[in-house]
Each structure stands twice: as C-alpha cells, then as structure tokens.
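Open the model in your viewer and keep the selection panel at hand.

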Amino acid sequence: MREIYKLFSAMVLFLLTTGGVWAQYTVTGSVVDERTGEPLIGANILIRNTTQGTVTDIDGNFSLNVSTNEDVSLAISSLGYLSQNFTVSPTNTTLNVRLREDATNLEEVVITGLASNVKRSNLANAVSSVSARELTGTTTIQTTDGALYGKVAGATIRSNGGAPGGGMSIQLRGISSLTGASQPLIIVDGVYINNSFQRTGRATVSGAGASNQDDGANRLADLNPNDIESIEVLKGPSAAAIYGTRANAGVIIITTKRGAEGRTRVSFSQDVGFATPLRLLGVDDWSEDKINFFFPEARRPIELERFRQGVRIDYEDYFYNNTALLTNTRLNVSGGTDKTKFFISGNITNEDGTVRNTGFERYSIRANIDHKITNSIKLGVSSNYIKSDTDRGFTGNQNNSGASIGYSIAYVPNYFDLRPDANGIYPVNPYFSENPVAVTDHAVNNSDVNRFIQAFTLDIDLFKTSRSFLKAQVAGGVDFLQNTTLVYLPEFLQFQRGQANPGDALWGKQESLNTNFQAALVYNWNLGRVNMNSQAGLVRLDFKNDALFNRGRGLAPGQRNLQQASVQEINQQFFSEVQEAGVFLQQEANFDDKIIGTVGIRWDKSTLNGDPNLFYAFPRASLAVNLTNFDFWNPTVVSQLKPRIAYGETAGPVAFGNTFTPLEGANIGGLLGSVVSPQIGNRQIRPETAQELEFGLDANFFNNRIGFEATYYIKNTQNNIQNLNLAPSTGVIITPSNEAELQNKGIELALFGTVVDKANFRWFSRVLYWQNRVNLTRLGIPTYTAGAFGSALGTFLYAEGYAPTTIVGTPADPSIPGGFTVWGNAQPDFNMSFYNSFNIARNFELSFLVDWRQGGDNINLTSFLTDGGGTTRGWFNDDTGDGIPNGRQRPPAPYNNAGRWVQDASFVKVREVGLFYTVPKATVSQAFGGAIENIRVGTSANNLFLFTKYEGYDPETSTFGAQAVANNVDIAPYPTPRRIFFHLTVDF
Amino acid sequence: MKNTNKILGALAMSALILGCNPLQLDTIDDPNNPSIESVSSNASREQIQFLLTGLEFRHRGYVTNVSQAWNTFGREVWYLNASDPRFQTDWLGQAGRTPDRSYFGFGNTGAGSWAAPYQAINQANVLVTAAGNTNVLSPEETSAVTGFARMIQGYQFMIPANFVYDNGIRIDVTAPLNPGPFVNYDVALDHVANLLEQAESSFAAAGAGEFPFTLTSGFAGFTSVPAIRQVNQAILARANAYRNNWQGVLTALEGSFMNMSGNLQAGPAHPFTGPPDAFNPLYYVPDAAVNTIIVVHPSVLADATPGDLRVANKFFEREIPVTITTDATPLVGTHQDARWPTNTAPIPFIRNEELILLKAEAHANLSQPELAVEAINVIRNAAGIGAYTGPTDQASLISEILYQRRYSLWAEPWGHRWIDTRRYDRLDEISTAFDQGTIFRQFPHPQAELNWDQYVGN
C-alpha cells in the first residue's frame with residue numbers, strides 16, 4: 001500500500017508544477033433564461049472533451065480563455081435548463097445564449113454508481129428522480145416515503161394505516177423476496193440508514209401477536225422531507241447491481257440540500273393545518289327486532305332496557321372524527337464562499353392524530369458543510385440530529401385485551417354509553433373485554449427516537465490534465481438510532497382489573513448502529529472521441545442492533561416505572577451483528593453522447609451467509625444510444641430518441657440467525673433450561689439472487705417539450721429463502737431453504753412535458769403508468785398456504801405457477817394446488833398517476849397529483865368483526881329476503897367461506913393539491929424595504945379525496961405492516977387522515 | 001508545499017483506515033444463545049442440568065392447547081373467545097366443520113397437540129445423547145437421567161397418538177431429516193409402554209437415593225429416584241388402560257404412588273411460577289369482565305349429581321355470565337374454572353384420583369366388580385355423594401366410572417372425556433345441544449408431515 005501512496009503524492013507534485021495554461025483567445029458572453037430573459041447565475045461553460053471551463057457571474061456574464069487557436073465546441077449548461085453546444089473560434093468570440101427550461105429533465109444528473117453519475121439523457125436505465133419541488137412542493141407530507149406516492153413509476157407504496165408518524169412500505173417492481181419485507185435499501189447522503197419497523201411491544205400487550213402487528217413506524221419517518229434535494233430510485237438489479245447484496249428490492253438514494261456560493265439566505269416557513277378522517281363508514285342502528293334477533297334470550301331484557309334509555313352514540317364518529325392540529329416550522333440558513341458552503345436547517349413538526357392522545361412530533365437539525373481544503377481536496381460533511389416522539393394509540397388487531405378501538409367498538413351497540421360518568425368512572429363494557437374510551441384516555445403507546453446521522457465525503461483530485469483526471473473519493477457515515485418505547489395499560493382498565501396482576505407496562509430500548517465506509521478511485525480519460533470513466537473501489541458495511549424489552553405487570557396505581565410492578569420480567573433481549581464487505585469495478589464509455597455503455601461488477605461477502613468468506617459476484621452491463629445525436633438524424637418532431645438496454649444482478653440478504661441452531665433459554669419453576677430450537681440452522685444458506693433485464697425507449701418531441709419513457713423489465717430471482725417445513729414429529733419444524741424462484745415482469749410508462757409554455761402561463765403535466773406481474777416460477781418445496789389468519793379467513797397460496805399474492809380460502813377446491821378456492825390477488829392490475837402544475841401570471845402556482853390503483857384485493861377482516869358484533873352499517877337489512885340479515889349472510893353463497901372478506905381495493909386518490917402565491921418582489925420591497933427578499937403564501941391538501949368501492953376506511957392498509965406478502969389485511973385500522981394546510985414562507 | 005502536506009496528511013489518514021482492512025470480516029457466533037453442538041459431546045454437569053430443566057419445560061408444551069381444545073372437543077369446557085370466533089365455530093364443529101390438516105388452532109404443525117409433544121421427545125433424545133457422551137456422570141446418574149427422559153417420552157407420545165388416533169403416528173423420530181413411517185395406534189401405544197418399561201429398567205439401575213439433578217417444584221414429593229419411578233408406573237398404568245391391558249394397569253398401579261386412602265390431589269405437576277416463567281394458562285380472575293375465558297360446559301352442570309363437592313370446588317358461578325354470539329347460536333358461560341387459587345398454581349399431570357379410577361376401571365374390565373366398586377366408592381365418598389348403589393354388571397360399572405372420571409378429571413390438561421368416550425365408542429354421548437356443533441373423532445396428520453413426505457419423495 002505504501003508504494004501506491006508514494007506514487008499518488010508524486011503525481012500530485014507533478015500536477016502542482018505543471019499548472020501553466022497557454023491562453024490563445026478569450027470568449028465572452030452571457031447566459032439568460034429564454035422565457036423570462038432573466039440572467040442565469042452560475043451557468044457552466046465547458047470546452048467539450050476537456051476539463052476546462054468557467055461559470056457565469058451574478059449578471060449572467062462569463063469570460064473564458066481558450067488555450068488553442070483552433071475552433072472549440074462549448075457546452076453551456078445550467079441546472080434545470082437544457083444545455084446547448086456552440087462552436088467558437090478566434091474570429092467568433094462573443095456568445096449570448098438563451099437557455100430553455102428542461103421540461104423533460106434531460107439534463108438532470110443521475111447517480112448510477114457508487115462513485116459516478118450521468119446525465120439523464122445518457123442514462124441506460126429507467127431511474128426515477130424526484131426533486132425537492134416534486135417531493136414537497138405541493139403540500140406538506142409527514143414522511144419521505146409518503147411524499148413519493150404517485151411520483152415513481154414501478155413503486156407500489158402502501159400505507160399500513162393512518163396513525164401519525166409513518167408506517168409505509170415501498171415495493172419496487174413487485175416482490176423480490178418471500179420472507180422479510182422486500183423493502184428497498186435506503187441511502188441518505190451515502191449513509192446506509194436504518195429503515196426498519198422497530199418493535200414497539202403493542203402487539204404483545206394487546207395480545208395481537210408478533211411484533212409485525214405493532215403498527216410501528218418505519219424509521220425513514222425520522223428524516224425531514226424538506227431537507228431533501230432529490231431522490232433517485234434504482235428500481236431493480238439492472239440499475240442497482242453495483243450495490244450488490246442488499247439491492248434486490250431496489251435502492252433509494254436520497255440527497256439532501258447543500259449550500260451554494262453567494263449571499264447568505266435565510267428562509268422561514270410555517271405550515272398550519274388540520275386533519276380529519278378521509279373516510280368513515282358509519283355504524284348500524286339498532287331496533288328491538290334486531291336485539292331480539294341478535295342476543296340470546298336471557299340477555300334480551302337488559303339489552304332492551306338499555307336500548308329504551310334512548311342514548312345513541314356513533315362510536316366511529318366519537319373516536320375517529322376529531323380535528324387534529326398540524327404545525328410545521330422550518331428555518332433554513334444557507335450560503336457560502338468559494339471555499340466553504342453550508343446549509344443549516346431546523347424543523348419542528350408537531351402533528352396531532354385524529355384519534356385523541358395520538359400524534360407525531362419531530363425535531364430535526366441539519367448542518368451540511370462543504371469545504372475546499374485545497375483546490376484539489378474537498379470535504380463534505382452532513383450532520384443530522386433527529387428526535388421524534390410518536391403516540392400511535394391503540395388500533396388494529398388485539399386478542400382478549402380489548403386494547404384496540406376498532407376491534408372493541410365493532411361489538412358495542414350504539415345505544416350503550418361507554419363514556420365516563422360525572423365522577424370520571426368508566427362503565428364496564430358488557431360487549432367486549434375493555435372500555436375503549438378508557439384506553440384512549442389513559443393508555444400509552446409511545447416511541448421516542450433519538451437519532452444521529454452523520455456522513456462525510458472526501459474528494460481528492462489526484463491529477464488533472466486537459467483531457468483526463470483521476471479522483472479519489474473516500475466516504476462513509478454513521479446512523480445511530482436509539483428508540484425508547486412504552487406501551488402502558490393502567491391498572492384500572494376493565495381488562496386489567498380482570499387480570500391477576502392488573503396494569504401492564506412494556507418498556508423497550510433499542511439501539512442500532514449502522515456504519516459504512518467506501519473508498520473509490522475514478523479515472524476519467526478520453527480514447528479518441530470516446531470519454532472513458534473507470535472506477536474501482538471497496539465498500540464496508542456494519543450493522544449492529546441491541547434490543548431490550550422489560551415488562552412489569554401488577555402496577556402500583558398510576559405508576560409506569562418497572563420497579564412499581566409486582567411482576568417484573570425481561571420480555572426480550574436480542575443482539576445482532578452483521579458485517580459485509582464488497583469490491584467493485586465499473587467502466588463507462590461515452591462516444592460523443594451518441595453511444596453510452598457501462599459494464600461493472602461487484603463482489604460481496606457477508607457474515608449472514610452460510611459461508612461468510614465467499615464472494616458473490618454481481619455483474620452489470622448497459623447500453624444507450626442517442627439516435628438524435630447522430631449526424632444523420634434530422635430533428636423535426638422527435639428531438640431525442642434513445643433506445644436503451646440494461647442487465648444487472650443483485651442479491652437479497654439472508655436473515656440474521658438463519659445459520660444458527662441454537663439452544664434457547666427457557667425458564668420453568670425458577671430454573672433455567674436449555675431447549676432445542678425448533679429451527680435447524682442452514683450452514684449452506686446463500687443470499688437470494690436476482691437478475692434483471694430491462695429495455696426501453698426514451699423519446700422527446702417538439703424541441704424537448706414533451707418526453708416519453710417506456711420500460712419493460714423481467715426480473716428473475718433465485719435462491720429465494722423460505723422455511724422448509726420439516727416433519728414436526730422429529731421435534732424440529734423449520735430450516736431455511738434456498739429453493740424458490742420468482743419472476744416479476746412489468747411495464748413502466750411515463751409521458752410528461754410542458755403543454756403550454758407562455759411567459760404568463762405554464763402548464764406542466766405528467767402521466768405515469770406501471771404494472772407488474774409476479775409469478776412463483778419454482779417453489780422447490782411442497783405447496784403451502786401462509787399469511788393472514790388461515791384458510792377460513794383468507795390466506796395466501798405458495799404454489800408453482802401462481803403469484804404468491806394469490807388469496808385463497810375455504811371452501812376446499814381440490815383442482816387448485818393447496819386445495820382451497822382462489823378468491824383474489826393482492827397485486828394491482830396497474831397503477832397510474834397524474835401530476836399537473838400550472839404557473840399563472842408569474843405569481844400563482846397550482847399543482848395537483850392524482851393516484852389511481854386498479855385492482856388488487858384486500859382481506860377485509862374489519863367487516864368480519866363488525867358483522868360479528870352486529871355493527872356494520874346495514875347489518876340488519878335483508879337483501880335476499882330470506883329472514884336472515886345481511887350481516888349474517890355475506891355473499892358469495894353459502895355465506896360461510898373466506899370469499900366473504902376478500903374485496904377489490906381499487907381506488908383513486910387525490911393525493912396532493914397545492915395553490916401558492918408569491919408576493920411580487922416590488923410589493924415586498926415596498927412593504928419591508930430590503931429586509932425581506934421574498935414572501936410566498938399558499939394552501940394545500942394531502943389525501944383530499946378518495947374514490948373507492950372498498951368497504952373500509954382506506955383500501956391502503958396492512959395490519960401486518962410491511963411484508964412482501966400479506967400486506968393487505970384490514971383489521972380495525974387507524975383511519976387515514978385528510979390533511980389541509982396553510983403555508984407561509986419568508987426569505988430574508 | 002503547505003497544500004502538499006495536507007494532501008499527504010489526508011492520504012495518510014486513508015492509509016490508516018485501510019490499515020484495519022475493511023474487507024476482513026469477523027466470525028460472528030450467535031450472540032444470543034449457545035449452539036446445540038456445545039452439548040452433543042463432553043457436556044458439563046451444568047449443561048446436563050440445563051437440558052434436563054429444558055425437558056421439564058418442553059414436557060408442559062402441550063398444556064394450553066390440549067386443555068383448551070381437547071376439553072372443548074369432549075365438551076368439558078367451552079373456550080369462549082370473543083376476539084376470535086373460530087375458537088367457537090371451528091373447535092365446536094359448527095355448521096358441519098370438521099378438522100382438516102391445518103385446522104384453526106393447530107396450524108400446519110399440529111401445534112400443542114403434535115409439534116410440542118414431539119419437541120419434548122426430541123429434547124429427551126438430546127438429553128440422553130448428552131448424558132451418554134460425557135464422562136462427568138456416574139453410571140447411576142446416567143441411568144437416572146435416561147430413565148427420566150424415557151418416562152417423559154412415554155408420556156408425550158400418548159399426546160399425538162390420541163390426537164390423530166386411527167391415523168397413527170411416527171415413533172422413529174431420532175433423525176430430523178429421516179423420520180420413520182407412521183404406525184397405528186396400537187403399535188404407538190406399545191411403543192409408549194416400551195419406553196416406560198425402559199425407564200423402569202433405567203431407574204432400577206439408578207439406585208435408591210435422591211435424583212441426581214434438580215427438578216422443579218412440580219416434582220415436589222417426588223424428588224428421589226424411587227418416587228420418580230412411581231410416577232413412571234402411574235404413567236404406564238394410564239398407557240396400559242389405553243392398550244386395554246387391564247392386568248398391566250393393575251401391575252403398574254402396584255408400583256405407582258396410588259394410595260387408596262391418600263390425598264386424591266397427590267401427584268407431579270407442571271409448575272407455572274410467573275416471570276421469567278409463564279403464568280398458569282388456565283387461571284382466570286373470578287368474575288372478571290372479560291370475554292376470553294374457559295367456562296364449564298353446560299352439559300357438565302346439567303348432568304351433575306346434587307351435592308357433588310367436585311362441582312362446588314371446581315366450578316365458580318359468575319355474577320354476570322359470559323355471552324359470545326356465533327354464527328350458529330349464542331354461547332353463554334355461567335361458571336368458570338375454580339381449581340386454581342392463583343395464576344402461579346401448578347397444574348398436575350397425573351394424580352392419585354386418576355390412579356384410583358384406573359384401578360376401578362381395570363377391575364371392572366377384569367370382571368372384578370367388588371374391587372371396582374371399592375375403588376369407585378373412594379372417589380364417590382370423597383365427592384360427598386355416597387357409596388355406589390347401582391348395578392354391578394360390567395357395562396353399568398364402566399358407565400359409572402366414566403361418569404366419575406368426567407367430574408374427577410374435569411378439564412385436566414389431557415382431554416380425558418374426549419379420549420374416554422372414544423375408547424368406549426361412546427362419542428355420541430357427548431352433547432352438542434348447547435352449541436349445535438359436531439363431535440370430532442380424531443384429527444388428520446398435520447399438513448407439515450405430509451409436506452415432508454412429499455418433499456423427500458420428490
């Protein structure tokens with residue numbers, strides 16, 4: 001290694017002594033916006049195929065020395081504008097350029113490798129980019145993933161429920177894994193962040209079951225969406241191969257805002273809004289007839305007596321239909337000099353939930369600093385501290401405890417009053433095990449996160465000639481997350497009083513530490529007219545988790561401290577540690593922006609694998625041809641036409657512990673025992689591998705005003721991990737296996753552009769369409785059903801030739817593998833989204849986003865519960881006229897099978913609507929002098945309207961959280977809010 | 001040159017980072033548990049103790065599922081559960097439902113009625129192997145541990161056997177990836193008897209002192225090798241009754257802890273001491289305003305003999321009944337289980353009362369009515385319902401014994417009534433009038449067993 005550094009330093013010395021330039025002539029000129037005529041500051045002027053260039057000054061003017069006496073071609077570019085090429089010569093040295101806005105994002109720079117990027121017009125993959133303006137420009141969304149809805153073709157985003165503080169899953173190009181969540185890798189400024197759904201313990205205390213029924217938030221919720229400059233979505237292996245082992249489900253690369261050279265800008269924004277439920281269903285009324293039908297004879301007198309007292313309470317309305325206050329305050333300070341640039345932001349988000357005593361608070365401070373240590377060494381640092389404090393309340397599944405509003409009120413008739421009396425005493429709920437009013441008023445389900453995300457990058461220009469350069473990039477980061485959770489049911493609750501040790505507090509402390517380090521060399525050189533970019537590097541990842549949950553039952557009145565519990569218990573302690581390392585090589589070749597090819601390979605090893613020292617190879621190759629850049633093309637209508645093809649391989653990691661055959665600790669009668677685990681570890685387990693072939697066509701029309709992108713992909717995964725069922729009679733139940741194979745095929749289409757482009761009216765429109773079809777091409781183990789709540793209530797079929805999203809259930813159908821009737825499929829037929837933005841009279845901006853999902857079925861067990869309790873609206877109607885009410889006779893006949901609860905979850909949502917007004921500069925300066933630069937006011941809405949035939953609060957719901965399969969089960973969820981905002985932004 | 005120094009400094013820093021070779025991965029062992037390999041040879045005395053306690057843990061794995069489900073099948077109880085109606089609809093066989101291979105409450109593995117007992121059997125095998133592959137135990141100690149392991153295996157094999165009954169079970173289950181074939185019920189029960197006989201021989205070679213390892217409080221009063229041997233004989237008596245080996249029942253009872261004048265409650269138990277241990281899963285707070293609870297089946301109340309102390313002692317009449325509405329008919333539970341004073345009360349798994357009833361049953365089947373009646377009267381007098389005055393023909397005595405078993409062994413974690421009525425082909429005597437359900441005879445093999453055969457057949 002020492003020799004290499006000697007060589008490097010020698011090169012550096014060489015560079016420093018050969019810096020002279022032989023200027024021969026000077027080109028001067030200006031760059032302005034074509035539409036408005038305003039000067040463009042900081043536009044780039046570059047002599048093509050060299051590293052020489054300059055930027056425009058504050059008036060849009062530039063001056064550039066050219067080191068030869070020959071004609072040269074200049075590339076003029078500015079962020080957000082279409083670049084143009086001009087030829088200058090010693091006799092033609094003045095250049096006044098009018099750049100047009102880049103309506104179709106051809107100029108956008110897209111990250112394509114661990115140390116490289118390429119502009120969109122040369123891109124060979126369908127990488128989706130979402131800018132800050134698209135992400136947060138229309139309305140205020142609580143979480144980053146929530147702000148991606150309808151903005152990425154190929155992304156199925158699903159909210160698990162309406163509880164404040166997040167809880168989203170993203171599936172890119174279908175299902176890549178049968179186990180786990182199949183969630184994309186998320187990288188923020190180079191840091192591999194933790195986006196897990198951490199345990200909260202709610203499902204333990206409520207009795208719902210495993211932690212996937214906690215309805216916790218995924219930790220991307222901690223990131224302030226307003227800090228984000230852009231998001232790039234690498235949707236599959238063909239684009240993400242260079243990310244190797246963790247990229248099967250795609251990679252989401254988030255880049256935060258950074259400072260720019262110039263005067264210091266201070267921007268203050270305040271949003272105030274309110275939330276109400278998007279959709280409620282109403283509850284059923286009761287009659288004496290219905291009571292006599294519903295209750296057993298012995299019970300009828302008391303029910304009739306209660307009924308006749310005349311109280312009527314719509315519990316859905318009572319619990320869910322509250323108006324929640326939403327506030328969001330942001331302060332950004334940015335600026336810098338040639339040497340040092342900074343972006344500092346602070347954010348306070350304080351949003352109540354529509355259920356009382358729920359809400360989400362987030363405090364975020366960010367400092368992004370860039371500093372040139374020397375002309376050739378640049379250091380970038382991004383620091384972000386976040387505290388988020390979330391109260392998500394009690395909804396969803398439960399067992400016995402009654403600690404779920406929706407579950408409890410499914411059984412309570414509207415003539416019984418659950419509200420506390422004048423003395424604050426909550427009546428005993430005779431219809432279920434708990435009084436949900438008391439739970440809502442006094443129980444706690446809190447998660448308090450303290451988090452620090454730190455990134456650094458060090459760019460070193462090792463040498464630079466007029467035709468080539470060599471750079472080293474060293475980058476790394478840390479994501480430290482500490483989550484303190486509490487689920488608390490006080491001792492005076494009805495269910496707790498019915499327990500031997502009333503009062504239940506489950507405290508969790510979870511710490512996770514992700515660290516990553518990357519070093520790369522980038523060599524850019526020219527081979528004739530071909531620009532070559534060569535990269536080599538290595539990557540190191542470490543993930544550590546440490547969870548400790550303690551539970552106390554039999555609590556002293558009002559106390560939550562575990563030492564105030566008569567029964568104290570370590571509920572869980574769990575450690576995990578993962579180490580991974582990889583090496584990558586990538587070669588890009590660009591022939592004059594006409595033909596752009598890339599080949600690359602990554603080798604990865606991981607301690608999760610059966611053989612932790614075996615390197616797995618992930619190759620990639622891609623080719624894009626810009627037909628319109630060839631001389632033979634005569635651009636008339638079609639201004640850009642680019643066929644492209646890309647191939648890549650990636651993997652999905654093995655779950656921690658799959659290789660172990662443990663002896664588990666087991667306590668009995670005051671002694672500790674060691675018991676043989678029902679899982680046998682698999683020492684041969686391999687990561688899930690995927691290959692994807694993607695091809696498509698990008699076209700631009702009418703001088704790049706309208707763009708069109710079409711992509712088709714086939715993604716095949718092998719070695720998919722699923723548990724092989726052993727014969728349970730041998731005392732062991734499962735061992736992880738690598739047998740299954742999946743195929744996802746899909747289409748992604750995008751049509752976008754500026755429909756009208758006048759000085760006082762601009763209309764941008766974008767339509768996205770995407771669909772995916774998943775198929776289990778090989779199962780390798782016997783057909784099985786799994787997920788949700790078993791065959792009687794709808795479950796999922798794992799059979800060769802079927803989509804694993806296939807919903808099956810009773811009655812038996814021997815003609816189907818697995819032996820049950822097929823009732824539906826969770827996979828949507830297609831998704832579409834419509835985005836439009838209008839700039840009117842320079843000061844008004846109106847935008848809206850409509851999201852449409854067609855097809856895809858849910859298992860609606862909320863209906864099952866309300867039918868059981870006689871509270872479904874219209875329960876006592878009798879459509880068949882046979883004397884049996886609808887609530888006891890849901891089709892299809894014979895009214896007792898799983899098909900009753902499988903419902904089409906198609907919907908159209910008006911996701912985002914925003915109207916903003918920028919106060920004219922003249923008015924501002926008149927009113928405030930020079931103190932205020934800019935004032936912008938606006939109003940917006942999120943989830944404004946929902947159109948669906950689905951019989952639930954929201955067709956988007958998942959009681960099991962983020963899962964590859966069975967993420968569409970509806971059990972008494974937290975209703976989705978409709979959010980309305982008013983905005984004020986003042987720039988100083 | 002100042003810049004150059006900085007560059008060199010930065011490079012040196014990188015070299016330092018590279019110095020700890022980022023491509024080198026540490027070996028990561030399970031940070032949470034020991035591995036199974038750690039005990040397979042040269043286990044320490046402490047490791048044997050942990051495995052033995054682990055066996056006691058696995059030994060009670062069936063309790064919750066069997067108590068809730070089998071006692072529902074035999075209509076000793078209803079497990080009322082408002083949170084999940086399938087505890088009613090599916091377990092009671094409403095609307096003609098009958099068990100399939102992944103029935104509700106049993107999953108693909110048979111859960112507490114199949115997978116759990118087999119986990120105990122596997123744990124016992126691992127214990128026997130560990131005890132045999134170490135030189136820290138004396139031969140007597142090894143025999144004592146082996147005897148204990150075989151005894152538990154004998155007990156546990158009866159659970160899957162009674163679950164699937166005519167369908168038969170696997171008895172060759174030592175190799176996880178190579179299980180033996182299914183054998184019929186009789187062969188399975190012969191295997192049970194054989195294991196218990198092996199346990200007997202092992203205990204015989206284990207001396208007469210205290211058991212060499214610590215047992216939980218569940219074995220209070222049975223801590224010596226001879227006392228545990230008596231437990232083994234008691235289990236053998238139960239197995240022999242299922243084998244219709246009535247002389248064998250009597251012989252086994254001779255060696256057991258049966259005591260005609262002793263405490264009927266005497267016997268070993270599964271302890272539940274609360275965290276970090278579990279709570280007694282059958283305990284419910286009296287009169288708790290909950291809607292998930294085990295209640296006494298109305299037919300048990302309806303058929304009770306007036307003045308029966310067992311009814312008074314075991315059933316607690318609730319102030320407000322628990323009502324659950326189902327698709328078929330509402331279920332009303334008026335009485336709950338009063339056997340457990342606290343949620344840390346142990347649950348016995350074989351008691352003197354059962355042994356006396358087995359004695360009565362053996363004598364009745366061997367046409368020794370006087371001896372049968374003598375045993376019956378021990379039970380009747382204890383229950384305060386006076387001596388038996390009915391006819392003493394075999395059929396009448398069997399009826400009487402089954403009736404007494406229904407109240408003496410009510411809702412024990414075994415499903416006695418379901419098994420007993422099936423043994424005597426009297427399943428049709430179980431009342432479905434209160435729930436419009438179906439009485440199951442047995443379960444099919446769990447789906448996972450079928451899947452395995454299919455997988456290896458592929």
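What follows is a short tour with one selection at a time.

Before you click: this is a predicted model, in which local features need pLDDT of at least 70, side-chain atom pairs count only at pLDDT 80 or more, and totals for chains, interfaces and linings use all residues. Residues are numbered from 1 along each chain as its sequence is written, while chains are lettered from A and ligands numbered from 1 in the order in which they are written.

**Stop 1: the complex.** The predictor gives an ipTM of 0.93 and a pTM of 0.92. Now select the contact between the chains. Chain A puts in 82 residues and chain B 87. Contact here means C-beta atoms, placed from the backbone, within 7 Å. On chain A, color strand 26 (565–591). With nine residues, strand 26 of chain A gives the most to the side that touches chain B. (Strands are DSSP E runs of at least two residues, helices are H or I runs of at least four, and both are numbered from the N terminus.) That side of chain A has 49 nonpolar, 26 polar and seven charged residues. Nonpolar covers Ala, Val, Leu, Ile, Met, Phe, Trp, Tyr, Cys and Pro; charged covers Asp, Glu, Lys and Arg; the others, Gly among them, are polar.

**Stop 2: chain B.** Chain B has 17 helices and eight strands. Its C-alpha trace spans about 115 × 55 × 50 Å along the principal axes. Average pLDDT (the predictor's confidence in each residue, from 0 to 100) is 94 for chain B.

**Stop 3: helices 7 and 9 of chain B.** Select residues 139–164 and 225–242 of chain B. The two axes come within 10 Å and cross at roughly 25°. Axes are lines fitted to C-alpha atoms, for helices over the stretch in contact, and angles run from 0 to 180 degrees between N-to-C directions. Helix 7 and helix 9 of chain B are therefore roughly parallel (under 35 degrees; over 145 is roughly antiparallel, 65 to 115 roughly perpendicular, the rest oblique). Show side chains for the contact residues, including Phe148(B) and Met151(B) of helix 7 and Ile228(B) and Ile235(B) of helix 9. This contact has 11 nonpolar, two polar and no charged residues.

**Stop 4: helices 9 and 10 of chain B.** Among the contact residues are Leu236(B) of helix 9 and Leu253(B) of helix 10. By class, the contact has six nonpolar, five polar and no charged residues.

How values were computed:
Two residues are in contact if their C-beta atoms, placed from the backbone, lie within 7 Å.
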